Amino acid sequence: MPFSAPPPASGEPYVLSASLDNARHLSSLLRAVHFQDHATCFATASGLRVTVEDAKCIQANAFIQAEIFQEFAVQEESVMFRINLSVLLDCLTIFGTSSLPGTSTALRMCYRGYGYPLMLFLEEGGVVTVCKINTQEPEELLDFDFCSTKVVNKIILQSEGLREAFAELDMTSEVLQITMSPDKPYFRLSTFGNAGSAHLDYPRDSDLIEAFHCNQTQTNRYKISLLKPSTKALALSCKVSIRTDAQGFLSLQYMIRNEDGQICFVEYYCCPDENITEAEL
């Protein structure tokens, strides 16, 4: 079990304290959203959400439920701070990214509140390292307002199907076009690269599709440069939920199973690049 962190020197209680037997459960998920240096951490009694944004066009969220931790305590209704994600990942992997069989890095994470650093106590093989990472004022985050009632189309796909698609499609294309429809072609991915147009179709009864809920035909384009960071989460995941709303905003929710079989989620939101007219299809 992870060791206990010493009480704060000032006597002030920690507003957030959490412990993990295996720090890799956290670092692997954070790596899946690490496409910018800084992230916003948001903790409630339900768990920890780490959010990364770029250019107000894409947002990634890693959700680590409280049950994943051996201990998870939040003394306020919510705790929020901004942190350098690159530094946090360097600290979490200070003993290396791959441990010897049968060994793991235990983690205790503590935060005393606004203006204080995030404290990490890491232990492996009897060696303890203490890291203090400065926190910053959290910035206002985009609200994609992607509630289930606003979802127009939704497909749940085994991740291997999307991994194969990303391997086959022409990534010299600037955009990925996604068509979701209750009628043929049902689910189509298209690129427009140096070698010409390429289309990949999935029939609704494909073995790779676990759920198909499409209410209307939608065709939207998304910048591949914005979608590329999500391939980190795709590589770790076993299933992916692809959703769009009436404005064409895209949600990619990846279900990730850690080494202990526990389920976590990473979600990417992406703005559509442009509207497609019927004449272009």
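Thr-179 sits in strand E12, which spans residues 175–180. This is a predicted model. The protein has 281 residues, of which 51% count as buried. Its secondary structure comes to five helices and 20 strands. Among contacts between residues at least 6 apart in sequence, 67% join residues at least 24 apart.

- Thr-179 counts as buried because its relative accessibility is 7%, under the 20% cut-off.
- The Thr-179 side chain makes a polar contact with the side chain of Thr-219, at 3.1 Å.
- Beyond residues up to four places away in sequence, Thr-179 touches Pro-185, Tyr-186, Phe-187, Arg-188, Gln-218 and Thr-219.
- The peptide bond joining Lys-184 and Pro-185 is cis, with omega at about 5°.
- Tyr-186 has a positive phi, near 65°, and is not a glycine.

**Largest pocket**

- The volume of the largest pocket is about 260 Å³.
- Its lining has 15 residues. Nearest the centre lie Arg-49, Gln-59, Asn-61, Asp-143 and Tyr-269.
- By class, the lining of the largest pocket holds six nonpolar, four polar and five charged residues.
- Three strands each supply at least two lining residues: E3 (47–54), E4 (58–65) and E19 (263–270).
- E4 gives the most, with three residues.
- Both domain 1 (16–136) and domain 2 (151–270) contribute to this lining, with at least three residues from each.

**Asn-61, a residue of the largest pocket's lining**

- Asn-61 is found in strand E4 and is among the lining residues nearest the centre of the largest pocket.
- Asn-61 is buried because its relative accessible area is 4%, which is under 20%.
- Its side chain makes a polar contact of 2.6 Å with the side chain of Thr-51.
- A polar contact of 3.0 Å links the side chains of Asn-61 and Gln-59.
- Gln-59 is itself listed among the residues nearest the centre of the largest pocket.
- Leaving aside neighbours within four places in sequence, Asn-61 is in contact with Val-33, Arg-49, Val-50, Thr-51, Phe-265, Val-266, Glu-267 and Tyr-269.
- Of these contacts, Arg-49 and Tyr-269 also lie nearest the centre of the largest pocket, along with Asn-61.

**Second largest pocket**

- The second largest pocket has a volume of about 200 Å³.
- It is lined by 14 residues, and His-38, Glu-53, Arg-82, Glu-139 and Leu-141 are the closest to its centre.
- The lining of the second largest pocket divides into four nonpolar, four polar and six charged residues.
- Strand E2 (38–44) and E3 each supply at least two of its lining residues.
- E3 provides the largest share, four residues.

**Helix H2**

- H2 runs over residues 85–92 and is largely enclosed by the rest of the structure, because six of its eight residues are buried.
- The buried residues of H2 are Leu-85, Ser-86, Leu-88, Leu-89, Cys-91 and Leu-92.
- At the start of H2, a side-chain oxygen of Asn-84 comes within 3.0 Å of the backbone nitrogen of Ser-86.
- Ser-86 is also one of the buried residues of this helix.

**Leu-107**

- Leu-107 lies in strand E7, residues 106–111.
- Leu-107 counts as buried because its relative accessibility is 1%, again under 20%.
- Leu-107 and Val-128 are 21 residues apart in sequence. In space they are 9.7 Å apart, C-alpha to C-alpha.

Methods:
Residues numbered from 1 in each chain as written. Predicted model: local features only at pLDDT ≥ 70, side-chain atom pairs only at ≥ 80, totals over all residues. Heavy atoms only, no water. Buried < 20%, exposed > 50% of the residue type's maximum accessible area, 1.4 Å probe, protein only. Polar contact = N/O pair within 3.5 Å; in protein donor to acceptor, adjacent residues only side chain to side chain. Contact = heavy atoms within 4.5 Å. 1 Å grid on protein atoms, 1.4 Å probe; cavity = no way out; pocket = protein on both sides within 12 Å on 5 of 7 lines; lining within 4 Å. Points joined across faces, edges and corners; volume = space filled by probe spheres on them. Nonpolar A, V, L, I, M, F, W, Y, C, P; charged D, E, K, R; others polar. Domains from an automatic or database assignment.
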